[in-house]
Every structure is written in structure tokens, then in C-alpha cells.
Amino acid sequence: MIAIVENKREEMKTDKIVKAIREQQIECSKYVYIEVLSEEEIEKLLLEGNYFYCEENSKILASGYMKPLLTKPLIYRVGGLSILNSKSPSLTEKKAVVRVLVKLQTYILKHNIAFIMQTATNSIESFAINIGAKKLPFEECLEQYPLYLKLYLDDSVEDIEFYKSKIFYVREAR
């Protein structure tokens, strides 16, 4: 049985969860672009209820986060989607990613959250578009959503040159 865990720590202790998520991010970053958060950032997002993960048998199968970038208006960064065995995930692990995305989607729609994200992964692109995000190249994003993009770039470990050829997804709060 797979348990979706949202800000609960019955199965694993917080420090083990943080370490497992970070190790998963590091491993996943070898195959797809993902910013690897520090253990402190992961723990903070967990405690705030902004980190979602799917766990089975004390293993984190998949995880992703929403990171607040601005409080007025409330704008989040969605990211860090990672999966166990990212090089060749099993069907169970792929299903765990879908469950994490569903949890993120439900939370975003329930709380009417504005966000920005950047991805080249089809499943994540579908997730963003399905909940009302606009797909924009860097230049259009800069023109239409300069605040969102500035917040994203300020929060990033990469420089602006890295993102100039990337596609962004922006959802406004309604």
C-alpha cells in the first residue's frame, strides 16, 4: 500500500525524510535538470506543509515542493519533482509521481495559488497546463510576468543565461 503523506511523520522521522528526499534529488539531477535543495530548505518546506511526497515501506518514491517566493501577492515556485530510481523507475515509482502531482494540483486549486515553474518534462508540463498555467518562452515570460520571473531567477542557483532558452509555466491566482 502506498501512502501519500502530507506534512505527517508517522512513517519516518523528519531527518530521515529530509535525507531521503535530498539523496533522491541528487540522484534525479544526474538525468534531468532539478535544483537540489539544501537539507535545511527541505526541512523548512516540510514543516510548512509545502513538500509533498509518496512513501512506501519507509522509502520515498517521489516528491515535489511548492516554495513561497512572495507573500503579497502570494506567488510560489513549484519544483523539485524527483523520483526514486530516476534512471529507470518502476511502474510503482511512476505512479507515485502521478500521486504527488495530483496532491500538488489539488492543493494549488483548493488554495488558488499563483506559481511559476520551469520544466522540459511532458508529464509536468501537462500538470501545469491542466491547472491553468500559461506556457511561455523566457522572453514572453519576462514581458508578461516580470515579477514572477524575477522571483524565480532570484531563487535559482543558475544564472539568467541558463534560463534564456527555457520554457516557463505561470499560473495567476484568480
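This note sets out numbered remarks on the predicted model shown above.

1. Basis of the remarks. Residues are numbered from 1 along each chain as its sequence is written, and side-chain values use heavy atoms, with hydrogens and water left out. Because the model is predicted, local features need pLDDT of at least 70 and side-chain atom pairs count only at pLDDT 80 or more, whereas totals for chains, interfaces and linings use all residues.

2. Cysteines. With a disulfide taken as a pair of cysteine sulfur atoms within 2.5 Å, a search of the whole structure returns 0 disulfides. For Cys-54 the reason is distance, because the closest cysteine sulfur, that of Cys-28, lies 15 Å away, which is too far for a bond. Cys-54 is buried at a relative accessible area of 0%, and Cys-141 is likewise buried, at 0%; here buried means under 20% relative accessible area, exposed means over 50%, and partly exposed covers what lies in between, for a 1.4 Å probe and protein chains only.

3. Aromatic pairs. Rings of Phe, Tyr and Trp (the six-membered ring of the latter) are paired if their centres lie within 6.5 Å, and planes under 30 degrees apart count as stacked, over 60 as edge-to-face and the rest as tilted. By this rule the count is 9 aromatic pairs. One of them joins Tyr-145 and Tyr-148, whose ring centres are 5.2 Å apart and whose planes stand at 70°, so this pair is edge-to-face. Tyr-145 is buried, with a relative accessible area of 7%, and Tyr-148 is buried as well, at 11%. Tyr-163 and Phe-168 form a tilted pair, with 5.8 Å from centre to centre and 50° between the planes, and both of these residues are buried.

4. Aromatic cluster and charges over rings. Tyr-163 and Phe-168 also belong to one aromatic cluster, together with Tyr-33, Phe-138, Tyr-152 and Phe-162. Arg-77 lies over the face of Tyr-152, at 3.9 Å from the ring centre, and the charged end of Lys-166 sits over the ring of Phe-162, 4.5 Å from its centre.

5. Backbone geometry to check. Most residues other than glycine have a negative phi, and most peptide bonds are trans. The bond from Lys-72 to Pro-73, however, is cis, with omega near -10°, and Pro-73 is located in the loop that links strand E3 (59-71) to strand E4 (74-83); helices (H or I, at least four residues) and strands (E, at least two) are DSSP runs, numbered from the N terminus. Asn-57 has a positive phi of about 50° although it is not a glycine; this residue is in the loop between strand E2 (51-56) and E3, and at 70% relative accessibility Asn-57 counts as exposed. Asn-112 likewise shows a positive phi of about 50° without being a glycine. Asn-112 is placed in the loop between helix H3 (91-111) and strand E5 (114-118), and with 26% relative accessibility Asn-112 counts as partly exposed.

6. Helix packing. Two packed helices are described by the angle between their axes and the distance between the axes. Helix H1 (residues 14-28) and helix H2 (residues 39-48) have axes that come within 9 Å and cross at roughly 120°, where axes are lines fitted to C-alpha atoms, for helices over the stretch in contact, and angles run from 0 to 180 degrees between N-to-C directions. H1 and H2 are therefore oblique to each other, given that angles under 35 degrees count as roughly parallel, over 145 as roughly antiparallel, 65 to 115 as roughly perpendicular and the rest as oblique.

7. Sequence separation and spatial separation. Leu-81, in strand E4, is buried at a relative accessible area of 17%; its C-alpha atom is separated by 4.2 Å from that of Gly-64, 17 residues apart along the chain. Ser-90 lies in the loop between E4 and H3 and is partly exposed at 32%, and the C-alpha atoms of Ser-90 and Leu-61, 29 residues apart along the chain, are separated by 9.8 Å. Ser-156, in the loop between helix H6 (146-155) and helix H7 (160-163), counts as buried at 12% relative accessibility. Ser-156 and Cys-54 are 102 residues apart in sequence and 25 Å apart in space, C-alpha to C-alpha.

Technical notes
Lys NZ or Arg CZ within 6 Å of the ring centre and 35° of its normal.
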